[in-house]
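Student: Please take one part of this model and go through it closely. I would like to see how the packing around it is described.

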Amino acid sequence: MSAIPEGTARSSLVRQLQAAYSGELAAAYSYRGHWRSLTRPREREQRDEDRRIEEAEWHHRRLVGELLAELGAGPSRRRELVMGTIGRVFGSLCHVSGWLLPMLFAGRLEAMNVGQYDTAARAAGDLGLAHWVPVLEEMTAEEGRHEAFFAACARTHRFALLSRVVGWRLPHD
Ligand SMILES: [Fe+2]
Ligand SMILES: [Fe+2]
């Protein structure tokens with residue numbers, strides 16, 4: 001198999017990171033909408049966890065922004081607009097939709113993030129950006145923990161299998 005030219009590998013990593021950067025925006029906005037919709041005392045634990053996850057997504061976004069800058073690139077304006085809108089819409093839907101839909105959306109986003117950071121970690125290694133590999137690997141692991149958290153929440157719902165409709169296969173199915 002022929003090696004991928006470095007320029008192609010670099011542009012592909014930039015696209016992957018632009019997708020991840022804007023995906024983090026959608027995630028952070030929608031988690032913020034979700035935790036703000038949880039006002040009952042018995043929802044406190046979920047609210048706290050969602051707030052922690054929102055903070056983690058902003059942190060990831062800062063890191064991905066730094067890596068993009070190191071690659072001489074920046075965010076994609078189109079993706080920022082699309083994902084920012086999606087995040088805000090889902091964030092506000094949380095106030096009216098019940099909790100299953102946001103859980104499924106969150107799980108789907110997290111699963112996408114796992115794939116993006118896993119691919120990005122390997123690409124960064126191939127491009128000689130070794131210092132980013134452990135950072136991206138840790139982000140992959142953390143997104144996996146987020147996905148597992150939302151899967152555990154979704155599993156308690158009798159319509160959890162609707163996850164397939166949004167294109168998310170619950171982990172360990
Ligand atoms: Fe993230
Ligand atoms: Fe996440």
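Tutor: A residue counts as buried if 20 or more other C-beta atoms lie within 10 Å of its own. Tyr31 is buried, because 29 other C-beta atoms lie within 10 Å. This is a predicted model, with an average pLDDT of 90 for the protein and 97% of the residues scoring at least 70. Tyr31 sits in helix 1. Apart from neighbours within four places in sequence, Tyr31 is in contact with Asp50, Ile53, Glu54, Glu57 and Ala106. From Tyr31 to Val89 the separation is 58 residues in sequence, and 11 Å in space from C-alpha to C-alpha.

Next, the core. The largest nonpolar core has 37 residues, and those touching the most other members are Leu17, Tyr117, Ala120, Ala124 and Leu136. At least two residues of this core come from each of helix 1 (6–37), helix 2 (44–70), helix 3 (77–93), helix 4 (100–126) and helix 5 (133–155). Helix 4 gives the largest share, 12 residues. With neighbours within four places in sequence left aside, the contacts of Ala124 are Leu13, Leu129, Trp132, Val133 and Leu136.

That leads to the helix pair. Two packed helices are described by the angle and the distance between their axes. For helix 4 and helix 5, the axes come within 8 Å and cross at roughly 160 degrees. Angles over 145 degrees count as roughly antiparallel, and helix 4 and helix 5 are therefore roughly antiparallel to each other. Their crossing is left-handed. As for confidence, helix 4 has the lowest mean pLDDT among the elements of the protein, 91, while helix 2 has the highest, 95.

Conventions
Residues numbered from 1 in each chain as written. Chains lettered and ligands numbered in written order. Predicted model: local features only at pLDDT ≥ 70, side-chain atom pairs only at ≥ 80, totals over all residues. Core = buried A, V, L, I, M, F, W, Y, C linked by C-beta atoms within 7 Å. Buried ≥ 20, exposed ≤ 12 C-beta atoms within 10 Å, placed from the backbone. Helix = DSSP H or I, 4+ residues; strand = E, 2+ residues; numbered from the N terminus. Contact = placed C-beta atoms within 7 Å. pLDDT = per-residue confidence, 0-100. Axes fitted to C-alpha atoms, helices over the stretch in contact; angles between N-to-C directions. Parallel < 35°, antiparallel > 145°, perpendicular 65-115°, else oblique. Left-handed = near helix turned anticlockwise from the far one by under 90°.
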